Amino acid sequence: MQLLGQELRGLVGGVLGVGRVVAAGLAGLAGLVAGPPTLVLVGLDSSGKTTALLRLKYGHYVNAVPTVGFNCERLRRGGCSWVAWDVGGAERVRPLWRAYTRGADAVLFVVDASSGEERLEEARHELHVLVRRQAAQSAALRRSRPPLLVLANKQDLPGARTPAAMADALGLHDLPPAQPWGLAPACAVTGEGLPEAMDLLRRLLLKARRASLSRG
């Protein structure tokens, strides 16, 4: 099951500073150079971002280690080519997100759907901070907000929440109307749900681009 937002209605220290500069340059370049759209994967640590990225890249499970900085891969999924950046989710690394998402064409926010209440509340907070920051960045760049797809990962684990429950837990109904978003359940380990998620993301991106063109 996959849901469009409106249908639901609905490195640390000095290294961190250098990382911001490098990431900002890379993300900015990706936005300026014509080519595959730039996708940024963010989310709390251990949510399964790197596992999802490698599964999308290679088509099979690859054992992943926690990401301290970032990973970058070229993908072709959902009928579209992507340049995908996977950014670490540890609390000390999260300030890097703003540099990578600046100029991104789409954002994939990965959440462990089996998380407890406290962890989900933390994910909700980071998600809404990200959306507010992206709104400011988009306004500064005079561009439409990039679509956001929430990947409700680890659906194979006991207690994994349904898409509707995840939407409520993350406050997706409270996102601004100007923010295009979607939600898709998946299991990055088995790959189940990832093709549908990437197809949904492509459709969100095309819809956002058409809306931007119509506004002229």
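These are my notebook entries on a predicted model of one protein.

**Ground rules.** I number residues from 1 along each chain as its sequence is written, and my side-chain values use heavy atoms, with hydrogens and water left out. Since this is a predicted model, local features need pLDDT of at least 70 and side-chain atom pairs count only at pLDDT 80 or more, while totals for chains, interfaces and linings use all residues.

**Confidence.** I looked up pLDDT, the predictor's confidence in each residue, from 0 to 100, and found an average of 86, with 83% of the residues at 70 or above. Over residues 6-33 the score stays under 50, and for this stretch the model has 30 contacts (heavy atoms within 4.5 Å) beyond four places in sequence.

**Overall layout.** I find 7 helices and 7 strands, taken as DSSP runs numbered from the N terminus (helices are H or I, at least four residues; strands are E, at least two). From the N terminus on, the elements run β-α-α-β-α-β-β-α-β-α-β-α-β-α. Of the 216 residues, 50% count as buried, where buried means under 20% relative accessible area, exposed over 50%, and partly exposed in between (1.4 Å probe, protein chains only).

**Helix H5.** I traced H5 over residues 117-141, which are 25 residues reaching 36 Å from the first C-alpha to the last, close to the 36 Å expected (1.5 Å times one less than the number of residues). Its buried residues, including Leu120, Leu127 and Val131, pack against strand S2 (38-42), helix H4 (97-101), strand S5 (106-112), S6 and H6. Just after H5, I see that Arg142 takes a positive phi of about 55°.

**Cores.** I then looked up nonpolar cores, which are sets of buried Ala, Val, Leu, Ile, Met, Phe, Trp, Tyr and Cys residues joined through side-chain atoms within 4.5 Å. The largest has 31 residues, and those with the most contacts inside it are Phe109, Leu148, Leu170 and Leu172. H5 gives the largest share of this core, 5 residues. Apart from it lies another core of 24 residues, among them Leu39, Cys80, Ala184 and Ala186.

**Arg161.** I found Arg161 in the loop between strand S6 (148-153) and helix H6 (163-169). Is Arg161 buried or exposed? Arg161 counts as buried because its relative accessibility is 18%. Leaving aside neighbours within four places in sequence, Arg161 is in contact with residues including Ser114, Glu117, Leu120 and Met166.
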